[in-house]
Each structure stands twice: as structure tokens, then as C-alpha cells.
Amino acid sequence: GSRILTVGTTVEIERLASAGTRRIRLGGRTVVPGFDDAHDHVGFSGPQGITVAVDPSPTPDPPLTQVLDSLRAAAGRVKPGTWLSVTVGGQVFDSPRATRFVLDSVVPSHPIALWGWSGHGAVFNSAGLEAAGLLRAPDPVGGWQTRDPQGLPTGRIDEYALYGVQRRFALTRSDTALARLVRTWGEEGLQLGITSIQDMATGYDLATARTVVTGSGVRTRYRVMPFPQTDGPGGLLGDWRTNGSDSAIGPGIQMSGVKWVLDGTPIERLALMRQPYTDRPGWYGRANFSFDTLRVLLRDALTRAQQPLLHAVGDSSIALVIAAMRAEAPDSAWRRLRPRLEHADGMGRDQVAAIKALGIVVVQNPAHLAIPEVMNARWGPERLSRIDMMRSLVDSGVPLALGSDGPRAPGLNLMLATLHPNVPSEALTREQAVTAYTRGSAYAAFADTERGTIAPGMLADLAVLSQDVFAIRPDALPTTTSLLTLVGGRVLHDALPRAPRR
């Protein structure tokens, strides 16, 4: 059926075969449990229109002058009213000229969105603010627009002001388009050996998520993790309370947990830190919610037996989480829920014991570990050497899971996790990294008794890899694919080389 009957040597297994048994000879290739992407984002996040590439900048951090030149040229090629989107980084966000007024002076007749590649901020021109319904909108709970001294929006939007816009854009797509994306996402994952996807459902409300994912025909295991939006001043939208405890909504499809973003990232200096940013003296970052609101969110998760999935990057945000959890319930009550810290890059070593006692799972994203220059600038080399923990968490017994939150290729993420460019001393071994990407991610989804290990009774979710990830050179890891992927014992992807017929 769908489960592993036994595990053993070739001789031991062949004794169980009958005349009708299918034999797949792997030629000594490496087999691992199917990769479980514990933090993925599936869905559309921007308006329908034109994505503008900034030439000659091949990086996601072009200077504003090049962005403006590229926008000016692109606007001349498309009709007025067409959305123009550009991916930008710190050079744009740090520029005082990155405002709607400067964008208006270059391209007045097209709505423009400059999307931060970190996913936590954007800059719109006036037409973009108008089209997105933001020009006269109040700030939502947990998000804000930057305003000039007269109270007028400058075009910069952050956190829940951004997420609400992204959701509205996503929901302008048809359910058919969204379902097609989910299906394609799953098929691409199978080719990489990903058998389980845990989707931070940024682009859906709950009703749409249920309709789209169940109707997509996705063949990987799929977990939808609700990402509620917030309302205007003083309230939270109703959909934050509509999801009960874990529920199966289709074959292999689960809807469970609730995600809240408590701070931003170091890229835009919004991760809330206990010490100021090295490259912005006196600035500590910013919390999205007050401590009292955080307690309400956690209390509701506890009451509803929902696993809280908390984006918390800065050590000050993590300190608030620890304090709020302990103000609401004893450690044992939280351990039953397996609360998750998504990212936790800035966690302090003095916080590890409390994280372990509360039963918190840390979900790390190897792509975050690949920008040492930026992290050195934000936090300084001395502070950086003490955070971005991975090896220390494993050694301390804190559950660790891996998710992409960026490039999905497991081989690339294994390379980054086992080199750890930010803090090499925190690099994982190959075995630790694969374990975190399989059993660790399953544990983070309450599925560790079902998947994540190759053992009798476990679901037969397996990937036969194109190369031995435990032995090859680090720089060869990113090219790893799956030659054979099974989900529940069914072959869903088969690229094994065939012996030539004679």
C-alpha cells in the first residue's frame, strides 16, 4: 500500500518479492525521505502587468537611478495604466528619493510598484497607491505607510499594509489560475524530490485556499497554513478566527496553524533587536504588534489548539514571544502545540534554554544565510558571530526544520546550510541538514509519526537523488534533482535512466 513494509539489504528485501512485484534497480544511488519544505510561499503576490528588469543590474539591489531609467524606458513600450513592477533591495529603500513623488516625475501615467526582495516592504507611485486603494487608507494593525509632515503617504508601505495589498492583487486572479499555479508548484517540487509542501498562504483568504488547493490536483502532500490579514485601526479581520484546529480538507491536504508576522527582517532594518543596528545608530527595528496584542493572538491559538507560526527575526521580538507565552500558560501547554519561530535569525544564545523549554520549533531558511556582507553591515561581525544559529540549536536539542522561503532547490539549500556563509561555525553536517529537511520539517507539521524517516510503518514518501548529497563537493550540491519520487508508494516522477534495449 502506501507505507513501508520493511527496510533491509537487497537480499532481505528480494525474499519478499513475488512474480508480480515491480523491481526498480537504483544502481547504488542515494535514497532519502522526500524533502519537506517547511516554509514555502505559493501564490501570486503582485498585480497583473509588466515585470521590469533593471539593466545592466543583474542583482536584486539596483540603485534608484538605474531603476528610474528602466521604468522610463518600459513605460514607453506599454499603454498607460499598465502596472510596472520592479524587484529592489536596500539601495532603493535607503534612498530618501525613493518616494511616489520622484516616481511620478519619471512615469506619471502607469501604476508602479517597487517590491522589496525581502518581501516586507514596497514603494508605489501615486497611480499605484490609487489603484491599490491606499492613497486615502488608514494604517492597518501591524502595518503602516510612511507619511510626510502633512500626513500624506510618501509611497512606502510596510508589513501588514503590504500583505493586505498583495492578497487583494492575488485574489484578482481566477481560481483556475491559482489552482494551476498550485498544481505546477507541486509538479516542480516532485522533480526536486519535494514530497511535502507547507504553504504560508499569503495569497489566499481561507475560503479561496480551500477551493483552490483542493481543486488543483496537486500530488504532493500539501499543508495550508492560514495567514490572516489585519483591518484598519483597532481591529483584526474576521478570518483570523475562522480556522479551528487541524483539519484535512482533501486527500493529502491539511489546513492547520495560524501565522503572524511580528517584525520585519534585517534587510529593511525592521527586525526588532535588543541592541541598535550597527549601520543605523539608535535604531532598534520595529514591532508589528503591541505586547498586549501579541498576548491576545497567542491566547487565541492556545484556546483553539492552533499551532502558532510566528515570524520573529530579532532577539527582542523573540524575547516578547517568550514573555507572552509564559504570561498565558505554563511551558507544558505550549509544548503540546509545538509553536514555531519562522527564521529566528537574531535569536540570542541566552534565549535557547527558554526556546527548548517551551517546545518551540525553529524553522530556518538557508537562503537567509547567504548574505554575510549585508548581515555584517546591519549587526556587525561580533554580534553576527553569536547569532544565526543552526548547529547550536541541534546540539541543544531544539527542534530544527528547514524551509525554502526563496529558492526551492533542496540541493542549493543543503549547500547553504552546510557551509553557512554568515556564520561558518554554525554550519550543519550533511546528515543534520537532510534530517532537518525531512524529519525536522515533518515534526514541525505534527507529521513525524507518518513521514520524514525511512522505517517500517512510515509513509513511503521517497526521493532517489541524482547524486550522493552526503559525499559530493559542496559546489555540486545545487544541481541535485530527484530521479524517482514516490508519494505514498506511488511513483509520481520518474527520470531514472533506462538500460538500452538489446
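This tour goes through a sheet, a hairpin, some salt bridges and a cavity.

The model is predicted, so local features need pLDDT of at least 70 and side-chain atom pairs pLDDT 80 or more, while totals for chains, interfaces and linings use all residues. Residues are numbered from 1 along each chain as its sequence is written, and side-chain values use heavy atoms, without hydrogens and water.

**Stop 1: the open sheet**

Select β13 to β17. These 5 strands form an open sheet in the order β13-β14-β15-β16-β17, with parallel pairing. Its edge strands are β13 (258-261) and β17 (400-402), each pairing on one side only. Strands here are DSSP runs of E, at least two residues long, numbered from the N terminus. Two strands pair if DSSP finds at least two bridges between them. Now zoom in on β13 and β14 (residues 308-312), joined by 4 bridges. K259 has L309 as its bridge partner in β14.

**Stop 2: the hairpin**

Move to β19 (residues 482-487). Buried means under 20% relative accessible area, exposed over 50%, and partly exposed in between (1.4 Å probe, protein chains only). On one side, β18 (residues 462-465) runs antiparallel to β19 over 4 bridges. Pick A463 there: T485 in β19 stands opposite. β19 also pairs antiparallel with β20 (residues 490-494), again through 4 bridges. β19 and β20 form a hairpin with 2 residues between them. In the turn, G488 has a positive phi of about 60°. L484 has D494 in β20 as its bridge partner.

**Stop 3: salt bridges**

Stay on D494. It forms a salt bridge with R498, the closest N and O atoms being 2.4 Å apart. A salt bridge is a side-chain nitrogen of Lys or Arg within 4 Å of a carboxyl oxygen of Asp or Glu. D494 is partly exposed at 32%, and R498 is exposed at 55%. Next, select R156 and D158, whose side chains meet at 3.1 Å, N to O. R156 is buried at 14%, and D158 is buried at 3%. The count of salt bridges comes to 28.

**Stop 4: the largest cavity**

Which residues line the largest cavity? Select L262, A287, F289, L294, S317 and L320. A cavity is a set of points on a 1 Å grid over the protein atoms alone, where a 1.4 Å probe fits but cannot get out; lining residues have an atom within 4 Å of a point. This cavity has a volume of about 50 Å³. The volume is the space filled by probe spheres set on the points. A search of the whole structure finds 3 cavities of 30 Å³ or more.

Conventions
On a 1 Å grid over the protein atoms alone, a cavity is a set of points where a 1.4 Å probe fits but cannot get out, and a pocket is an open set with protein on both sides within 12 Å along at least five of seven lines; lining residues have an atom within 4 Å of a point.
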